[in-house]
Amino acid sequence: MGLVDSIWAQYLKLPKFEIDHFIENPHEVQWKQLQRIIQLSSYSEWGIKYNFSAISNIEEWKNTLPVFEYDELKSNIQRMMKGEENILWPGRIHNYAKSSGTTSDKSKFIPITHENHKDNHTKGGLRLMAIIYDLIEDPAILDGKSILLTGSVQTHSEMYPDSMIGDVSAVIYKNLSAVLKSFVVPGESFNLLEDSEKKLDIIAEKSIKEDVRFLAGSPTWVLILCKKLLALTGKKTIIEIWPNFKVLVHGAVSFVPYRKSFEELFPTESVHFIETYNASEGYFAIQDQLKSDELLLLLDVGIFYEFIPMDELGKKKPRTCILNEVELNKNYALVISTNSGLYRYIVGDTIQFTCLNPFRIKITGRIKQFINVFGEELMVSNTDEAIKIACDHFKLKIKEYTVAPIFQDPETKGGHEWIIEFESNPEDSEAFADFLDLTLQNLNSDYEAKRFKSLAMGRLKLHISKPDCFKEWMKATNRIGAQKKVPRLANHRSFLEEILKFA
């Protein structure tokens with residue numbers, strides 16, 4: 001370990017101590033987060049509207065404010081982006097994370113306040129590094145270089161002057177200190193390019209001869225970069241290019257369907273895959289065990305968490321649970337109040353608790369990414385696991401997939417329709433579809449019940465797409481970017497019908 005990395009490792013003992021503190025005192029720490037949010041925002045427009053200064057406990061907080069979705073905050077955020085001050089949060093907010101939109105908009109914009117950048121995203125990043133240095137013997141990341149696959153930012157527009165807008169990864173990278181940026185290859189001007197294809201080409205070309213030890217990005221974009229590196233060098237694995245590589249940090253989509261591909265790219269036990277839950281709305285959780293993909297919920301990063309049981313979702317005043325009320329292995333919709341001016345905000349993700357001491361979770365899907373046309377209650381976690389099992393059985397690897405319902409009519413039996421893009425196609429697509437359908441039945445009892453004797457649902461229908469089908473669709477629909485994701489499940493056919501045109 002070099003001198004710089006040795007100093008870095010010593011510094012990371014502080015965030016590790018803070019992690020241990022919130023693990024030991026979860027409820028006290030969470031209440032302090034909410035108190036701090038209320039205190040800082042009391043004299044904002046929303047703080048005055050809801051009389052934040054009179055709130056003295058969690059129940060009063062829950063009784064004072066309803067839960068909100070993005071569309072209910074949109075007009076306030078647009079005012080902030082145009083320069084108005086003291087709306088959702090005190091002062092003028094300059095930075096906004098742009099992410100996938102709602103049913104009424106292509107994109108949504110999440111404020112990144114000074115407090116949110118410092119106490120959530122930056123602190124979350126330090127928590128990640130502290131966990132890595134605690135779990136892995138001598139990672140020596142700062143003895144080499146790192147790659148951060150970010151999106152792009154827009155620093156000026158006529159509609160929103162003096163506001164910086166972009167993928168959350170790009171906004172955070174833009175605000176990193178010059179010292180930390182010096183360890184990132186190839187450099188800010190290339191990392192923030194808007195053209196993702198060109199950016200990945202440049203990163204591949206400029207990183208070949210670097211001593212890269214750390215890489216962070218969504219699995220989709222990391223795979224594309226790795227393939228470019230192999231094509232440029234003629235090597236068979238990434239370890240042949242970067243022999244000192246140690247850590248791949250991934251997030252945004254489930255790693256389950258991609259794990260086999262990455263194990264072949266990094267065929268050594270010295271490389272570790274670490275998952276994070278870092279959304280536009282906040283840095284929520286980090287994998288803190290090497291042999292488990294459970295995520296440790298971060299309790300001291302300027303976020304107060306609530307959880308809506310799925311049978312309450314959609315009600316005008318849904319009941320929410322706090323940490324001392326949640327149950328294991330039960331789906332909840334995540335609700336957050338944060339130091340970015342989001343109050344009792346429904347993120348859109350569904351999670352399950354896998355451990356209550358400490359509080360660990362797994363992401364099970366999206367509120368709007370599920371299929372429940374026939375009572376099958378199919379979640380993304382089901383389809384991710386099923387496709388992994390099927391691919392392992394047939395020795396296949398996938399690149400992307402999406403699923404939608406087939407609606408029943410007098411001539412057509414209802415069911416599910418899949419589009420899958422494989423790295424190499426199965427020899428017998430019908431055998432693969434049969435196996436995948438049976439695997440789903442084994443994983444989801446509601447799906448199994450509806451498939452019984454094909455009474456309510458027929459066997460799934462499978463399309464095998466041509467190469468780069470999903471990439472072409474994302475380009476054509478302006479979905480290219482670090483935070484953009486292929487929708488896995490939808491309770492409608494809009495996405496699938498669009499993608500079929502490219503398949």
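## Salt bridges at a glance

How many salt bridges does the count come to? The count is 32 salt bridges. A salt bridge here is a side-chain nitrogen of Lys or Arg within 4 Å of a carboxyl oxygen of Asp or Glu. Side chains of opposite charge can pair when their charged atoms come close.

This is a predicted model: local features need pLDDT of at least 70, side-chain atom pairs count only at pLDDT 80 or more, and totals for chains, interfaces and linings use all residues. Residues are numbered from 1 along each chain as its sequence is written, and side-chain values use heavy atoms, leaving out hydrogens and water.

Arginine 127 and glutamate 18 meet through their side chains in a salt bridge of 2.9 Å, N to O. The pair links distant parts of the chain: arginine 127 is in helix α7, glutamate 18 is in helix α2 (residues 13-24), and they are 109 residues apart. Helices (H or I, at least four residues) and strands (E, at least two) are DSSP runs, numbered from the N terminus. Arginine 127 is buried, at 1% relative accessible area. Glutamate 18 is partly exposed, at 26%. Buried means under 20% relative accessible area, exposed means over 50%, and partly exposed lies in between (1.4 Å probe, protein chains only).

Lysine 174 and glutamate 188 form a salt bridge of 2.9 Å, N to O. Lysine 174 lies in helix α8 (residues 168-174) and glutamate 188 in helix α10 (residues 188-191), so this pair ties together parts 14 residues apart in sequence. Aspartate 468 and lysine 399 form a salt bridge of 3.4 Å, N to O. Aspartate 468 sits in the loop between β19 (461-464) and α17, lysine 399 sits in strand β17 (residues 398-406), and the two are 69 residues apart. Salt bridges with shared partners also join Glu197, Asp201, Lys228 and Lys471 into one network.

## Nonpolar cores

In soluble globular proteins, nonpolar side chains tend to be buried together. A nonpolar core is a set of buried Ala, Val, Leu, Ile, Met, Phe, Trp, Tyr and Cys residues joined through side-chain atoms within 4.5 Å. The largest core has 89 residues, of which Ile132, Phe284, Tyr305, Phe307 and Phe353 touch the most other members. Helix α7 (residues 114-135) gives the most to this core, with 7 residues. A second, separate core has 28 residues, including Trp221, Leu229, Trp242 and Val271.

Leaving aside neighbours within four places in sequence, phenylalanine 353 has contacts that include Leu297, Phe307, Leu323 and Ile361. Contact means heavy atoms within 4.5 Å.

Arginine 488 lies in the loop between α17 (469-476) and α18 (494-500). Arginine 488 counts as buried because its relative accessibility is 6%. Its side chain joins that of tyrosine 258 in a polar contact of 2.8 Å. A polar contact is a pair of N or O atoms within 3.5 Å; within protein, one must be able to donate a hydrogen and the other to accept it, and residues adjacent in sequence count only if both atoms are side-chain atoms.

Phenylalanine 495 is found in helix α18. At 23% relative accessibility, phenylalanine 495 counts as partly exposed. Leaving aside neighbours within four places in sequence, phenylalanine 495 is in contact with Trp473, Arg479, Pro487 and Ala490. Phenylalanine 495 and tryptophan 31 are 464 residues apart in sequence and 41 Å apart in space, C-alpha to C-alpha.
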